[in-house]
Amino acid sequence: MASPLARRPDELAGHQVRPAAPGLVLPEGPRYPRPVQAWLWMKKPTWFLDRCSRAYGDVFTMRLPFGMNMVHIARPDLVKAVFGGDNDVLRAGEANATILEPLVGPHSVLVLDGPEHLRQRKLILPAFHGDRMRAWEAAVRDITRAEIARWPAGQPFALRPSMQAITLDVIVRVVFGVDAGARRDELRRHILAVAALGRNPLLLFATRDRRLGPYSPWARFIRARDALDAALVAEIRQRRAAPDLDRRGDVLSQLLLTRDDEGRAMTDDEVRDELVTLLFAGHETTATSLAWAFDLLLHHPPVLRRLIAELDDGTSEYLDATIMETLRVRPVVALVDRHVREAVRIGGHTIPAGATVCPNIYLVQRREDLYRDPAAFRPDRFAGQTPPAFGWFPFGGGIRRCLGASFATFEMRIVIPEVLRAVTLRPASRRPARIHREAVTFVPHDGARCVVTDRRAYSSAKPSRQDG
Ligand code: HEM
């Protein structure tokens, strides 16, 4: 049952999000058979989204196998209505759980709804407070420098795996607080095994009843996950007993110290689930955004030159604009999901219970009425400007907005200048990478390949100029 609040109409920006009569039809959408739509959504996601939006407008339904109906929302005022709607009726946890629960576990903030979700959010949020993050700056810088030192000179290499190595090390060090070599290497090994298997698109369509044999991708995924779990639980138990627990700045130690409104601590299982959540929500998303930032910068020399010049002058406004523009034109997460528990009216449409409503980040952030020449990479549009309301939401919104948004931006603000300071890069291809889908994220098809053409010492206090 939905809460009594669900029965009260909510007027939001002139658009109602309120219960509607059951048995009503879904908004229009492509008529292809469900398996064909699933294939297009997996293999040609941007082409399919652009085509649907041209043909059906701002609200359309994609019909996928197993009766999944995704209602895409591509208009800022309707996105606002969804984010501000009744969270008991539009349930993000339920929508996320379909794919993520086997990995992140039942206590994860990602898969919970209602008061349980809010409780976990309140427990995690303080660990990412600005003051705490500032203490991690040196670690992020050291990790970035160590990775740059491994880049080959004069030979093409893919930046994305390298950015993944950086963001993974950052999570293991500042989130898990594991510095010691052997334990860190063991954790990294388990994480990489799970991440590699988690990229298999077949897992997305695995059903809850997964009897697919001991050598199936599913069974191998479960074995890798269990091995990671065991390593994490050992780390949690050891940390609980650490004599310096209350003096440590990492997220794991904070989660062990924190208490909810009733004075309860998190259990080992809860802490485990949140660690895996932070790891998988935070590592590849940030790494891929960084890879996109470099891919775009290297293919737009005037933008790169201006960024370097502004960093030389000690200002970071253009860096912030570059990060915002990267997240706009290459959002790593293309949409967010809300599972409809009870029929609702959104704008002029009635969405029946059982469908999934998806504020579409990719489509909204490419609207011509919000952004002139929307496919072009132009950080200028954000220099000293705030983005249009609900027209820029790469981190989602409402009470589900990404918990790591400031952390991700903090990391990008350190890694980008650090790279530009240390090396001169040129792109390995003439054109920017194409958007390719990997599991649930949009990634550069070639991993953002580039070549190091010059290397500088770290001694200079200021970044040196590149000629782009
Ligand atoms: C550029 C990097 C990142 C992007 C683009 C991104 C994007 C997102 C998006 C779109 C959501 C869903 C929001 C919604 O449903 O409205 C989300 C949720 C979340 N993200 Fe991120 N994220 C990034 C980095 C991170 C990092 C670094 C962390 C933590 C270390 C993190 C932790 C989370 C968590 C815990 C949630 C669930 C929040 C909830 O359900 O209440 N993310 N993120």
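Q: Which of the 26 residues around the ligand come nearest?
A: His 117, Arg 121, Arg 338, Gly 397 and Cys 402 come nearest among the 26 residues around the ligand. A residue is near a molecule if one of its heavy atoms lies within 4 Å of it. The model is predicted, so local features need pLDDT of at least 70 and side-chain atom pairs count only at pLDDT 80 or more, while totals for chains, interfaces and linings use all residues. Residues are numbered from 1 along each chain as its sequence is written, and side-chain values use heavy atoms, with hydrogens and water left out.

Q: Which helix gives the most to the shell around the ligand?
A: Helix 13 does, with seven residues. Helices (H or I, at least four residues) and strands (E, at least two) are DSSP runs, numbered from the N terminus. Helix 5 (114-124), helix 13 (268-298) and helix 17 (405-422) each supply at least two residues of the shell.

Q: Why is Glu 325 called buried?
A: Buried means under 20% relative accessible area, exposed over 50%, partly exposed in between (1.4 Å probe, protein chains only). Glu 325 has 0% relative accessibility and therefore counts as buried. Glu 325 is found in helix 15 (residues 317-329). Its side chain reaches the backbone nitrogen of Arg 378 at 2.7 Å and makes a polar contact with the side chain of Arg 381 (3.0 Å).

Q: How do you know that strand 11 and strand 14 pair?
A: Two strands pair if DSSP finds at least two bridges between them. Five bridges join strand 11 to strand 14 (residues 449-455), and the two run antiparallel. Leu 425 stands opposite Val 452 in strand 14.

Q: Why is one side of strand 6 and of strand 11 left without a neighbour in the sheet?
A: Three strands form an open antiparallel sheet in the order 6-14-11. Strand 6 (157-158) and strand 11 (423-427) stand at the edges with a single partner strand each, so one side of each has no neighbour in the sheet.

Terms used
A polar contact is a pair of N or O atoms within 3.5 Å; within protein, one must be able to donate a hydrogen and the other to accept it, and residues adjacent in sequence count only if both atoms are side-chain atoms.
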